[in-house]
Amino acid sequence: MSWVDFAAAQYHNFVHSAPTEAEALFRRQAWDEYTRLGLPDRKNDSWRYTTLSGLEKVKWASALGGLPVLQKGLRLRDELKNEFDVLIIQNGELRFEDSIVDTSVFRLQKVAFAPGETFNDGFLGLTAAASLPGASISLTAGVRPAKPLLIMHIGVGEKAWTRSYHQLFVGAGAHLDVVELFLGVDKYLRSEIIRLEAADRAQVNWLRIQDESGEACHFSDVRAALSAEAILNLAQLNIGASWVRSTLGVDVRGGSAEANIFGLNLGSGQQETDQRVVVNHWAAQSNSSQLFKGVLKDRARAVMNGRIFIAQNAQKVISRQLNHNLLLSSGAEANTKPELEIYADDVKANHGASVGRLDEDKIFYLESRGIPRAEALQLLAKAFATDILMKISPEPCRLLAEKILSQTLPEFVRQMEYGG
């Protein structure tokens, strides 16, 4: 049975066993979009640099539920439980019994699917049609939890396909600090759909760390809707997985709302990372910013596609996007594609991009001060990423990101082709 046939069988099982007509209709609408659009290929402009051909050749199977939680996840939970509330999701399954979450602050339940969502992407429609009901997390209006929420997404199982749909709801004036950490073992395919709704004056500091198994394939689609005066600070760190396709989409619906999206892509070996950011300004006097950086070596490939859309009635919008890439070997490749689509006439919008190499003079300066070359390269690579890390808040979230990055960088620069 091919992967597509397997997905079709999963879809039909879910539709026939759906507990509500709303869920059945949601799945049918998602499947209709998949059948209308088909799986994307390079002829599709948004998939020009990325292909699904490698995924289609693998006979993926459903990820098993009920397995013991990966020991690495449990150790990390116990290590961080004083700084974070910890929610564990393994193979798309909510593990309440293994989580440590203050349920007096967070309302946790399984997602209740509702029809009416438009996907506009065949692979995304396929994922939604066959997805498991993931976590629905709500934060009451006016509340700020004492600790950030850490959601650990764990993948386990050789050639397992994990796909799930999650929701975050942040009430008016509430403040949510949340980290998603993706990790696992084996060769698996993860497809995650995540939706955020931030009410008036809500603030969300959201850190996503993709540190999957080196053989894993990661697909995620994030969409956030911001009401009036809401603020979203969203950071994405792509470190692991052999193949990554990540989309961050924000609909700025309310006046004076603000979206700041930033991230870092690390690539080595033959890793492929396709990062997409789409910000739609539907309301006047709203702001957005994008800053992504890439550090690539060996034959790694990275794509950064940032798009800003400003509607006709969205006057006095300020929006900017930047993408900078550092190539540490001759075989590494970075593709950057900024897009502006503006229909208002009283806005400020700009974009910029760069692709370059480490300055040999800086390397020589550090070596002349007695710093070994490998350490010098690590320092310069970390300095390149520092302004991304410094944008992460609050402090426990930033320290977690710095810790994971510091565990990655020494191996990342070891035996590097560039200049050595």
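## Exercises on pockets and packed helices

The second largest pocket holds about 430 Å³ of space (a pocket is an open set of points on a 1 Å grid over the protein atoms alone, where a 1.4 Å probe fits and protein lies on both sides within 12 Å along at least five of seven lines; a volume is the space filled by probe spheres set on the points). The model is predicted, so that local features need pLDDT of at least 70 and side-chain atom pairs pLDDT 80 or more, while totals for chains, interfaces and linings use all residues. Residues are numbered from 1 along each chain as its sequence is written, and side-chain values use heavy atoms, without hydrogens and water.

**Exercise 1.** Describe the lining of the second largest pocket, beginning with the residues that lie nearest its centre.

*Solution.* Start at the centre, where Lys72, Asp211, Ile404, Gln407 and Thr408 lie nearest, out of 23 residues that line this pocket (lining residues have an atom within 4 Å of a point). Next, look for the elements that give two or more residues to this lining, and you will find helix H4 (71–80), strand E8 (175–184) and helix H8 (395–413) (helices, H or I with at least four residues, and strands, E with at least two, are DSSP runs numbered from the N terminus). Among these, H8 gives the most, with seven residues. Finally, sort the lining of the second largest pocket by class, which gives eight nonpolar, eight polar and seven charged residues (Ala, Val, Leu, Ile, Met, Phe, Trp, Tyr, Cys and Pro count as nonpolar, Asp, Glu, Lys and Arg as charged, the others as polar).

**Exercise 2.** Which element gives the largest share of the lining of the largest pocket?

*Solution.* Two helices give two or more residues each, namely H2 (21–37) and H5 (122–129), and they are joined by the strands E7 (160–170), E9 (188–198), E11 (217–226), E13 (243–252) and E15 (272–281). Of these elements, E11 gives the largest share, with six residues. By class, the lining of the largest pocket divides into 21 nonpolar, 11 polar and 11 charged residues.

**Exercise 3.** Find how H1 and H2 are oriented to each other, and which residues meet.

*Solution.* Take the axes as the first step: those of helix H1 (residues 3–17) and H2 come within 9 Å and cross at roughly 155° (axes are lines fitted to C-alpha atoms over the stretch in contact, with angles from 0 to 180 degrees between N-to-C directions). H1 and H2 are therefore roughly antiparallel (over 145 degrees; under 35 is roughly parallel, 65 to 115 roughly perpendicular and the rest oblique). In H1, the residues Val4, Ala7, Ala8, Tyr11, Phe14 and Val15 meet Ala24, Arg27, Arg28, Trp31 and Tyr34 in H2 (contact means heavy atoms within 4.5 Å). Sorted by class, the contact of H1 with H2 has nine nonpolar, no polar and two charged residues.

**Exercise 4.** Work out in the same way how H2 packs with H5.

*Solution.* The axes of H2 and H5 lie 7 Å apart, and the packing angle is about 150°, so H2 and H5 are roughly antiparallel to each other. On the side of H2, the contact is made by Phe26, Arg27, Ala30, Trp31, Tyr34 and Leu37, and on the side of H5 by Gly122, Gly125, Leu126, Ala128 and Ala129. The classes in the contact of H2 with H5 are eight nonpolar, two polar and one charged.

**Exercise 5.** Determine how H6 and H7 are oriented to each other, and then examine the peptide bond between Ser393 and Pro394.

*Solution.* Helix H6 (residues 360–368) and helix H7 (residues 373–389) have axes 9 Å apart and pack at about 125°, and they are therefore oblique to each other. Glu360, Lys362, Ile363, Leu366 and Glu367 of H6 make this contact with Arg373, Ala376, Leu377 and Leu380 of H7. Turning to the peptide bond, Ser393 and Pro394 are joined in the cis form, with omega about 0°, and Pro394 sits in the loop between H7 and H8.
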